[in-house]
Amino acid sequence: MKKVVYLLTALGIMSCSQEEFNIPNDNQADAGRVLANAADFQNFNISNHSALMTSQVEFTGVYFRALSDQFSTTNAFRGFWDFCDQPRRQIINSTANDDLPFQAGGGWNDFNSVINNANIVIGNIEIDGNTVIDGDTDLTNQELAGAYFDKGVAQGYLAMIYNQAYIVNPDTDPNTLEFSTYQEVFAAAVANIEQAISIAQGESGFQYPIYPNGEVIDGARFIALANSYLARLTIALPRTNAEAQSVDYDAVLAYANNGITTDLAPQATENVFFNNFQDWSLFDLSPAGYMPTDIKIQRLFDPTYDTDYPIDDTIILDPVVTDDPRVDEYYAYVGSEFGFLRASRGRQLFSSYKTIKFFNGNNQNQTGIPVNIFAAAEMDYIKAECYYRKGDFASAVAALDASPRATKGNQSTTAAADNVLNALLYEVSIELDLASGMCVEWAFMRRHDMLQAGSPTMFPVPASELEVTQDDIYTFGGEASAGDVGTATGANDWRNRDFVY
């Protein structure tokens, strides 16, 4: 009875937190069910592992992909055009914006829900003193490590995306809860992921299931994955190139060197676990793409290509000229088949290409196909970027030569600053697109000042949250705000770079 009462208390605290601060928790547990036995406790925790993974490949990823010029559209559905338009627009942070739950609200709701559920597990074990015993096997530390990992990674994404967020622990008093800066949230994220590693290292037979009845990660791969997230989230935190100068690149290198060496791409289960981010991004109108490949990609392949589509409606751009075989493996030339693109909304946004990488017949919600969450190649590019930041261009090239840039694309790189940086943009934009979850390209471009002027470099706390907390509503982005905190200057806009490799 003691355990039931204590868990009910924990649930009550978190429920109060969600209600007061308007953070939905889609996986809120029923106290009696979770406490019934070890299997149910594990299933609750596994459901939260699944929520963490799917949050990285959800619909919200489309907006970051738009801001980083990975695709282009004039389609106003769900505000897609708002995030692709040139010059850049502000994020509409208002409860009058029907698309707010998908835009600024998407990651906020998803990752805070993961944190809340992880806190239930952590509090149940560390505060209430409960254990998770399956037969003769004590799984308490296994479940605790998984919860710390989920919480830390979710906090890392909040820090990556938003200018501020909550730091919520199992014993947090919701009446005293205030926003913390993204730097403070990130410090909490690192501490929690490192705690997960520390606990997991001492456990034999450790398991971290991705989702119920899905792929199970063992202890060694779990630790490698945790290091990979530490590498990704640490290098992704800076909002500007100036801020990026203060990153400890030796620490990031250490994380990456201990990171994954094979992709994290568990198999989908229909209507349970699938890549909704890819599902929208790859939808095919036959012959055009619903979200056409942005001209940035063509320019990277072929530096003679235009940086904006010609506004003269008699001009149709030719296919790119490149010796990289990935241009045909990942993309398809469609010429004048522009699909939903409307010239009245800006012909400069047009494209003669669509993305076919990972395409599965307009349906990513199929059992057995890979759910691409984390590409091992990202570790290669993070290592190369660390060497670039350290001025060791030869080592950066060696890391690039060990990556798909050379092994798949047959591309070489000169050991010079601009060449290495251009090669990194090329690989992050082409190889990692849709292969490593959301935000990767956006975070890379912002920390090198490559986003177009006026692009948001972070998202505001959703207005729906600020109305509840009675804080002032604010936003980021827009051409008039270029250079302000949270809005890109365009100082190193990719369109102005000379793409020498």
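Modeller: Gladly! This is a predicted model, and in it His 448 counts as buried, with a relative accessibility of 2%.

Colleague: Why is His 448 called buried?

Modeller: Buried means under 20% relative accessible area, and His 448 has 2%, so the label applies. His 448 sits in the loop between helix H19 (440-447) and helix H20 (463-469). Leaving aside neighbours within four places in sequence, His 448 is in contact with Asn 241, Glu 385, Tyr 388, Arg 389, Leu 421 and Asn 492.

Colleague: Thanks! Now for H7: what makes H7 largely enclosed by the rest of the structure?

Modeller: Of the 22 residues of H7, 21 are buried, so the helix is largely enclosed.

Colleague: And how do you know that the span of H7 agrees with its 22 residues?

Modeller: At 1.5 Å a residue, H7 should span 32 Å, and its end C-alpha atoms are 32 Å apart, so the two agree.

Colleague: Why are H7 and H8 called roughly antiparallel?

Modeller: Helix H7 (residues 140-161) packs against helix H8 (residues 182-201) at an angle of about 155°, with the axes 7 Å apart. Angles over 145 degrees count as roughly antiparallel, so H7 and H8 get that name. Their crossing is left-handed. The contact includes Leu 144, Tyr 148 and Phe 149 of H7, and Val 185, Phe 186 and Ile 193 of H8.

Colleague: What is the make-up of the residues in the contact of H7 with H8?

Modeller: They divide into 15 nonpolar, 6 polar and 1 charged.

Terms used. Residues numbered from 1 in each chain as written. Predicted model: local features only at pLDDT ≥ 70, side-chain atom pairs only at ≥ 80, totals over all residues. Heavy atoms only, no water. Axes fitted to C-alpha atoms, helices over the stretch in contact; angles between N-to-C directions. Helix = DSSP H or I, 4+ residues; strand = E, 2+ residues; numbered from the N terminus. Parallel < 35°, antiparallel > 145°, perpendicular 65-115°, else oblique. Left-handed = near helix turned anticlockwise from the far one by under 90°. Contact = heavy atoms within 4.5 Å. Nonpolar A, V, L, I, M, F, W, Y, C, P; charged D, E, K, R; others polar. Buried < 20%, exposed > 50% of the residue type's maximum accessible area, 1.4 Å probe, protein only. Expected span 1.5 Å × (residues − 1).
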